[in-house]
Amino acid sequence: MTEIMAEKEEHGGAGVVVVDPKPSKGFTSKVVDLLEKLMVKLMFDSSLPQHYLSGNFAPVRDETPPCKNLPVIGYLPECLNGEFVRVGPNPKFSPVAGYHCMIHGLHIKDGKATYVSRYVRTSRLKQEEYFGGAKFMKVGDLKGLFGLIMVNMQMLRAKLKILDVSYGAGTGNTALVYHHGKLLALSEADKPYAIKVLEDGDLQTLGLLDYDKRLTHSFTAHPKVDPFTGEMFTFGYSHTPPYITYRVISKDGFMHDPVPITISDPIMMHDFAITENYAIFMDLPLYFRPKEMVKEKKLIFTFDATKKARFGVLPRYAKNELQIKWFELPNCFIFHNANAWEEEDEVVLITCRLENPNLDFVGGEVKEKLENFGNELYEMRFNMKTGSASQRKLSAPAVDFPRVNESYTGRKQRYVYGTILDSIAKVTAIIKFDLHAEPDLGKSKLELGGNVQGIFDLGIGRFGSEAIFVPREPGITSQEDDGYLIFFVHDEKTGESFVNVIDAKTMSPDPVAIVELPNRVPYGFHAFFVTDEQLKEQAKL
């Protein structure tokens with residue numbers, strides 16, 4: 001116990017719990033393994049294509065310690081001193097069950113680049129390493145009767161203490177954020193994992209962040225940090241009441257009391273938004289319905305196309321939900337918002353809106369190109385005085401992973417950067433929207449003109465990932481789009497991976513820099529840029 005407390009102190013700070021699970025091997029574990037193998041053999045169709053375990057979606061099993069002095073074509077601007085990081089699902093073992101998380105990092109200092117990749121040392125990873133194989137279920141398994149059996153297999157292992165779920169079962173593989181001197185790896189079904197970036201760019205998992213035991217529910221993968229106040233705003237969703245819980249975390253890392261948000265049914269709420277004075281919640285009809293999963297062979301979350309989309313706007317320092325105002329718009333689902341702000345009596349939300357989402361892709365059942373994937377950029381307005389709501393389409397499909405200059409989070413901004421998707425998670429280009437220009441809604445696909453100010457095409461056989469905007473100068477005193485976009489690229493023809501840096505103002509087809517990476521980097525989820533100033537701050541804690 002003394003050793004764990006000392007390690008906790010050494011690992012930097014209040015609220016970080018050293019993850020030390022106690023799984024159990026033995027006869028009982030072997031019996032459950034045999035039972036699971038029998039169920040998989042009887043019920044799982046192994047002939048189905050596993051899209052997200054093949055090609056460049058396939059995991060890389062081995063970590064890469066810091067690999068220095070990488071070849072750079074062009075130059076790395078001074079404002080990119082820091083660490084560019086991106087997470088993604090990366091099973092270490094052949095997944096009868098769950099995924100893990102690998103962080104891919106590019107450390108930049110004085111024009112030189114170092115690449116590193118490390119697993120997030122989650123409780124589930126440590127336990128599966130102990131067993132030497134996969135033991136936890138993954139989201140894609142939660143479909144039909146097989147999904148119900150997989151849920152019960154995990155519950156059985158927990159009940160028999162084969163698995164230790166006291167530290168949760170999260171992966172940390174969805175997104176990253178930096179707050180109060182810590183880089184956090186996030187997955188929305190669990191608490192955050194605190195990561196430290198070492199001086200040479202290496203990545204060390206410190207532990208699970210529970211805010212001195214004040215965090216007892218899940219934590220979204222998309223919290224919002226207000227650049228003006230330094231506070232972080234977050235929420236968690238659950239399949240038991242309260243279905244949504246809102247939290248405010250002070251600049252110094254103190255988590256304030258929970259604010260339960262009442263909605264009628266358990267839903268998936270992947271993102272939300274903040275303005276200077278409000279938080280925006282999205283009660284969208286993607287429902288947690290385990291009975292339908294079994295009856296209709298659907299995923300555990302089912303989209304109901306008959307229901308309206310509801311948006312709740314709450315004063316962001318509210319102590320309870322009494323002041324929340326709900327607005328209705330036509331049926332849709334939203335994975336990712338770009339930003340939100342206030343204009344006179346209205347709250348404005350810029351988002352990527354999707355009609356009739358088909359979540360079969362979560363289980364890997366996906367065509368090479370999804371013609372019906374209709375994610376479009378939208379502007380939504382909620383009038384706090386009249387109670388009316390409106391929406392306006394801003395783009396053709398398919399655009400996602402919207403990002404802005406985060407110096408403007410919660411405040412009005414002009415430019416949105418996103419990815420053009422040819423197939424889910426296969427990014428063919430980076431796009432720049434000018435919200436001051438009128439959209440050309442006569443176009444059926446994303447092209448230059450109207451509010452599309454620039455497109456950086458990755459080229460045939462080359463696919464990318466979420467692009468992060470890094471300003472040349474921090475703050476809002478310089479031009480909003482004066483900076484760079486940084487993102488991973490993979491060439492499927494050669495098998496090589498790169499980091500590209502492009503000019504965010506001009507969107508020139510000629511990259512500012514191309515960094516050649518020593519290993520293949522699989523396609524993944526969200527990225528983040530940790531500034532040099534933040535690296536120095538976390539080193540002090």
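**Terms and their criteria**

Tutor: Leu35, Leu38, Leu42, Leu156 and Leu160 make up a nonpolar surface patch whose accessible area is about 430 Å² together. The model is a predicted one, in which local features need pLDDT of at least 70 and side-chain atom pairs pLDDT 80 or more, while totals for chains, interfaces and linings use all residues. Residues are numbered from 1 along each chain as its sequence is written, and side-chain values use heavy atoms, without hydrogens and water.

Student: Why is Leu156 called partly exposed?

Tutor: Buried means under 20% relative accessible area, exposed means over 50%, and partly exposed lies in between (1.4 Å probe, protein chains only). Leu156 has a relative accessible area of 31%, so Leu156 is partly exposed. A patch takes residues with over 30% relative accessible area and no salt bridge, and nonpolar side chains (Val, Leu, Ile, Met, Phe, Trp, Tyr) are joined within 5 Å. Leu156 is found in helix H4 (residues 144–159), whereas helix H2 (residues 27–43) gives the most to the patch, with three residues. Helices are DSSP runs of H or I with at least four residues, and strands are runs of E with at least two.

Student: What makes the contact of Asp33 and Lys135 a salt bridge?

Tutor: A salt bridge requires a side-chain nitrogen of Lys or Arg within 4 Å of a carboxyl oxygen of Asp or Glu. For Asp33 and Lys135 the N to O distance is 2.6 Å, so the pair meets the rule. Asp33 lies in helix H2 and Lys135 in the loop between helix H3 (123–131) and H4, so the pair ties together parts that are 102 residues apart in sequence.

Student: Are Asp33 and Lys135 buried or exposed, and how do you know?

Tutor: Asp33 has 17% relative accessibility and therefore counts as buried. Lys135 is buried as well, with a relative accessible area of 9%.

Student: How do you know whether Arg310 and Asp283 are buried or partly exposed?

Tutor: Their side chains meet in a salt bridge (2.6 Å, N to O). Arg310 is at 24% relative accessibility, so Arg310 counts as partly exposed. Asp283 has a relative accessible area of 7% and is therefore buried.

Student: Why are strands E23 and E24 said to pair?

Tutor: Two strands pair if DSSP finds at least two bridges between them. Five bridges join E23 (residues 376–383) to E24, so the two strands pair. They run antiparallel, and the bridge partner of Phe382 in E24 is Ala389.

Note on methods. Patch = residues over 30% accessible without salt bridge, like charges linked within 9 Å, V, L, I, M, F, W, Y side chains within 5 Å. Areas by Shrake-Rupley, 256 points an atom, 1.4 Å probe, with all protein chains shown as cover.
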